[in-house]
Amino acid sequence: MVVPSPRDLGAAIVTTAGCLAWWGVEKFAGWLSASTPASLAGATLARWQWVNIAAFAVNVVSVAIPGRIDDEMAEQMKKEAKAREKRPSVAPGVPKDSFYRSLVTPAGWAFLIWPVIYLAESVFTAAQASDALDPVSTAAYSSAAPWWLLACALQSLWCVAFRDWAKAPEHFWISGALLAAEAVSLGRAVDAVDAARVAFPSAAYWCGRFPLALHHGWITAAAVVNVNAWLAVSDYPNEISSAEFQARAAFISHAAAAFIGGRVSWTSKDPTFAGVIAWALYAIAADGGWRKQLVERIGEEPLRAIATNALFHARVASALCVYLAAEPLVDPYLPDAAAGLFAWKR
């Protein structure tokens with residue numbers, strides 16, 4: 001009889017908790033919607049407000065508990081900086097010799113986005129708890145509430161999974177799966193806000209849609225990074241073919257991230273998601289994907305090509321972001337400009 005190890009049991013518990021969270025929130029949201037008339041969106045939101053505050057509080061506390069893998073990386077970078085008699089970076093990133101380093105690893109400064117995300121989501125949590133919301137904002141917050149709750153639950157579970165007990169290849173996929181599920185949940189929350197037709201620009205956008213879209217973009221990028229880290233940890237199927245496979249996966253990951261960022265922002269006409277994806281890709285290009293084991297196997301030239309590819313897709317995402325941000329400013333003048341051009345040609 002095979003007795004599961006404590007790590008296997010932990011993996012089973014976290015995975016089951018994630019699945020139950022998704023199922024439970026969907027069921028609860030369905031029951032809540034069915035038990036509350038559509039005309040009483042305010043009553044629906046009132047039932048969610050304290051739940052959302054508690055969920056965000058659990059999220060913040062979970063992130064603050066030390067001992068995650070990224071905490072260990074930061075501590076290692078501080079020790080290395082001290083040994084070199086240099087000042088530690090405020091955003092240390094992933095050590096060059098880290099077990100978790102992949103070809104899609106962002107530079108340390110990319111993680112400075114986290115304080116912005118949590119500040120924005122603090123505003124979101126406070127705004128949804130207000131008792132002076134207009135009907136449109138009330139409908140938006142009540143529709144987004146179950147998906148926001150689920151995102152907070154999945155973020156908290158990720159904090160449990162992204163630790164030493166789950167660093168083995170057979171368990172490391174769990175953290176990536178939780179990030180992917182959280183990205184989907186945040187995307188559904190953003191869609192719920194959009195379905196309420198919140199007018200732009202407005203306080204409802206900055207307090208409601210922007211925090212969710214910002215986190216959605218970063219968690220999507222983080223899921224892509226985590227998948228590539230899992231490939232590096234797995235080193236599958238063997239050393240040489242794994243290096244080639246990781247290189248192909250890196251090229252595909254850059255293109256996939258830029259495509260998703262472009263599609264989400266283009267369909268919503270909001271540059272936030274594409275802007276965050278561009279931020280992540282610029283950081284990946286800046287890091288260069290250096291990994292000692294891979295340099296020894298395939299040399300430095302492929303790594304430079306991978307960094308260049310990340311930079312190209314970052315620029316594409318940035319261009320779309322700039323266009324979408326500028327479009328509302330120039331759109332009123334486009335018809336007159338086009339008419340004048342055609343008249344000049346005639």
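Me: Where is Asn59 found, and what makes that stretch a helix?
Reply: Asn59 is found in helix H2, residues 41–64. Helices here are DSSP runs of H or I with at least four residues, strands are E runs of at least two, and both are numbered from the N terminus. Please keep in mind that this is a predicted model, where local features need pLDDT of at least 70, side-chain atom pairs count only at pLDDT 80 or more, and totals for chains, interfaces and linings use all residues. Residues are numbered from 1 along each chain as its sequence is written, and side-chain values use heavy atoms, with hydrogens and water left out.

Me: Why is Asn59 called buried?
Reply: Its relative accessible area is 1%. Buried means under 20%, exposed means over 50%, and partly exposed is in between (1.4 Å probe, protein chains only), so Asn59 counts as buried.

Me: What makes Asn59 and Tyr118 a polar contact?
Reply: Their side chains come to 2.9 Å. A polar contact is a pair of N or O atoms within 3.5 Å, where within protein one must be able to donate a hydrogen and the other to accept it, and residues adjacent in sequence count only if both atoms are side-chain atoms. The 2.9 Å pair is therefore called a polar contact.

Me: Which residues is Asn59 in contact with, leaving aside its neighbours within four places in sequence?
Reply: Tyr118, Cys152, Gln155 and Ser156. Contact means heavy atoms within 4.5 Å.

Me: Why are Asp194 and Arg209 called a salt bridge?
Reply: Their side chains meet at 2.6 Å, N to O. A salt bridge is a side-chain nitrogen of Lys or Arg within 4 Å of a carboxyl oxygen of Asp or Glu, so this pair qualifies. Asp194 lies in helix H6 (residues 169–195) and Arg209 in helix H7 (residues 203–234), so the bridge ties together parts that are 15 residues apart in sequence.

Me: What makes Asp194, Arg209 and Asp270 one network?
Reply: Arg209 also forms a salt bridge with Asp270, with the closest N and O atoms 2.4 Å apart. Asp270 sits in the loop between helix H8 (239–268) and H9, whereas Arg209 is in H7, so this pair ties together parts 61 residues apart in sequence. Salt bridges that share partners join Asp194, Arg209 and Asp270. As for Asp270, its relative accessible area is 5%, so it is buried.

Me: How do you know that Asp287 and Arg101 link distant parts of the chain?
Reply: Their side chains meet in a salt bridge at 2.7 Å, N to O. Asp287 is in helix H9 (residues 272–287), Arg101 is in the loop between helix H3 (69–83) and helix H4 (113–128), and the two are 186 residues apart. Both are buried. A search of the whole structure finds five salt bridges.

Me: Why is Trp109 called partly exposed?
Reply: Trp109 has a relative accessible area of 33%, so it is partly exposed. This residue lies in the loop between H3 and H4.

Me: How many helices and strands does the chain have, and what share of it is buried?
Reply: Twelve helices and zero strands. Of the 346 residues, 46% count as buried. Residues 24 or more positions apart account for 76% of the contacts with a separation of 6 or more.
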